[in-house]
Amino acid sequence: MANKIANRAVMCEVLKEAASKDKNVVVLCSDSRGSASLASFADTYPEQFVEVGIAEQNLVSIAAGLASCGKIPFAVSPASFISTRSYEQCKVDCAYSDMNVKLIGISGGVSYGALGMTHHSAQDIAAMSAIPNMRVYLPSDRFQTRCVFEELLKDHKTAYVRIGRNPVEDVYSEGNVPFKMDKATVLAEGSDVLIVACGELVKAAKDSAELLKAKNISAGVLDMYCVKPLDSEGLLSAAKGKKLIITVEEHSPFGGLGSMVAQVISANDPKKVVNLSLPDAPVITGKSQEVFAHYGMNAEGIAKKVAEILG
Amino acid sequence: MRKLGNVKKLSATAFDIRRNALDIIMAGGGGHIGGDMSEAEILLTLYERMNVTPETQDSPDRDRFVLSKGHCVETLYAVLSYEGFMKLDEVLAKFSRFGSEYIGHPHNTLPGIEMNSGSLGHGLSVSVGMALAGKMDKKAYRVYTLMGDGELAEGSVWEGAAAAGHYRLDNLCAIVDHNHLQISGNVDEVLSPGDIGARFAASGWNVLKISNGNDIAQISSALDEAEKTKIHPTVIIAETTKGKGSALIENKASWHHKLPTQEEYEKIAADIAAYKEAVLNG
């Protein structure tokens, strides 16, 4: 892989830039500064860094209290813990109380590989999306991660962002990052099938479109990093005239991107929607790419599924 | 903090607060009457003394209060009405009604309310965040939170306690409304909180105990001591009487949440009036 820069490292850079300009930007960690690549933030801006120890509920509530006093807190903890152990704090203290807290789930999905289900976050999209006033973002690469964090620094509402642990292949390139907040990015136009993906599976979706070309199947690809608010308009526009919609997500089959896309499509432009996701079971042991390959969520798996259905 | 006014007069006012809370409960068709009655003097004393008024409620320098035991919102509404943040008539007309913003737990779209609460065990940690922000900005404001004794079973309380001690938040004062009862019965029988003071002290807190948490002079004196305490956050463990104000409901777990019948309402209201009279004649 050419890219060696993890999305979490980009997050740290953006937050350091923001902290240098605004002393109200505060980062909170739950003994997670190393995992979050935020050690250099803590070293550079110790007055704007709050360590709460291994106490994720406290992490989120303290962030809400800080926000109520005008701070701009980013609470950063493994996605598995911040989204489920702190779920009620995210719901009550952040979203319901309308606090400007940015909840950052690091090492999301199956990033932790062999560490097992305790450390996998395959429920976070469903859980967080079900909270009124909560937004959910899964940037696809390091360039888009920068865009999302820069935009989130401009608003005053709560949001949840999931990013992975390891560097991922670039979807975009320096100087070529089409991005509009809360609008899906069209990565490829096509006439037969629309592939909608989020997070670190966008690259696989994009590559699968290339593989499908060889099979004379024309695939459109959408990067739906904004899972909530889902870009329904962009989705319906891209879905127009397609025979099939495929969704791809590093998540449980329930309540995630696939469910949301299916809701919009079935209500507005009914057609077949097939969801490629992790299983409703503990995930097989392996590195992310091994897991994706096993469940048919890599470029080859996506292309194979499309060809099977359309063939 | 502001200086406290006439203690005797305020002690009588606490019974007006109770009567108003009772009327709010009747108007809304239910409420947490037992805890409402035990916290009346604590909330009244706080709002009489905190540096926050309807005029300064948006000031970054205001003192903050979080009702962690959010279910006892009726007395908070009564106190906020008395202090001019909201109008009692409006609360009475709207409480718990269809489409109302005056719901059965604190909500920060209402004037004078900092944070939504209702799920127990959140208020202390949120207050820690507020106090930390005050330290970061070198502001003089103080942060107060009121918890129930049953609430202390929530593990998150102790996460908050540890952080407050660690960060030496001497601008934070937690108060425990120690009325010894929760919905299922006696707190010690449901799940003993153990030695509450020792648990806070172990996290670096200054622990104050007051023998009568329904005594405004005792509450105020403890608040003074908390304000003078440096380095350590302070917890005031206030021995209160659940249902205080009427023999019908005092110290009865069954009155944790209950709507009085008309007959009971009249009895409770008469008892509250008698308490007030006794205070004025005392």
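User: Which way do H3(A) and H7(B) cross, left-handed or right-handed?

Analyst: H3(A) passes H7(B) in a right-handed crossing. A crossing is right-handed if the near helix is turned clockwise from the far one by less than a right angle, and left-handed if anticlockwise. Helices (H or I, at least four residues) and strands (E, at least two) are DSSP runs, numbered from the N terminus.

User: Before we go on, what am I looking at?

Analyst: This is a predicted model, where local features need pLDDT of at least 70, side-chain atom pairs count only at pLDDT 80 or more, and totals for chains, interfaces and linings use all residues. Residues are numbered from 1 along each chain as its sequence is written, chains are lettered from A and ligands numbered from 1 in the order in which they are written, and side-chain values use heavy atoms, leaving out hydrogens and water.

User: Back to that pair, at what angle do the axes of H3(A) and H7(B) cross?

Analyst: Roughly 65°, and the axes of H3 (residues 56-68) of chain A and H7 (residues 155-166) of chain B come within 9 Å. That makes H3(A) roughly perpendicular to H7(B). Axes are lines fitted to C-alpha atoms, for helices over the stretch in contact, with angles from 0 to 180 degrees between N-to-C directions. Under 35 degrees counts as roughly parallel, over 145 as roughly antiparallel, 65 to 115 as roughly perpendicular and the rest as oblique.

User: Which residues of H3(A) and H7(B) meet?

Analyst: Glu56(A), Gln57(A), Asn58(A) and Ile62(A) of H3(A) meet Ser156(B), Glu159(B), Gly160(B) and Ala163(B) of H7(B). Contact means heavy atoms within 4.5 Å. By type, the contact of H3(A) with H7(B) has two nonpolar, four polar and two charged residues. Ala, Val, Leu, Ile, Met, Phe, Trp, Tyr, Cys and Pro count as nonpolar, Asp, Glu, Lys and Arg as charged, and the others, Gly among them, as polar.

User: New topic: how do H8(A) and H12(A) pack?

Analyst: H8 (residues 202-214) and H12 (residues 299-310) of chain A pack at about 55°, with axes 8 Å apart, and are therefore oblique to each other. H8(A) passes H12(A) in a right-handed crossing. The residues in this contact are nine nonpolar, one polar and two charged.

User: What does H12(A) lie across?

Analyst: H12(A) lies across E8, E11 and E12 of chain A, running at about 155° to E11(A). Those strands sit in an open five-stranded sheet of chain A with mixed pairing, in the order E7-E9-E8-E11-E12. Strands pair if DSSP finds at least two bridges between them. The edge strands are E7 (185-188) and E12 (272-276) of chain A, each pairing on one side only.

User: Is E8(A) parallel or antiparallel to E9(A)?

Analyst: Parallel: five bridges join E8 (residues 193-197) to E9 (residues 219-223) of chain A. Leu194(A) stands opposite Gly220(A), and Ile195(A) opposite Val221(A).

User: Why is E8(A) described as largely enclosed?

Analyst: Five of the five residues of E8(A) are buried, so the rest of the structure largely encloses the strand. Buried means under 20% relative accessible area, exposed over 50% and partly exposed in between (1.4 Å probe, protein chains only). Val193(A), Ile195(A) and Ala197(A) point one way from E8(A), while Leu194(A) and Val196(A) point the other.

User: Last one, where is His71(B)?

Analyst: His71(B) is in the loop between strand E1 (64-67) and helix H4 (73-82) of chain B. At 12% relative accessibility, His71(B) counts as buried. Leaving aside neighbours within four places in sequence, His71(B) contacts His32(B), Gly104(B), His105(B), Leu120(B) and His256(B).
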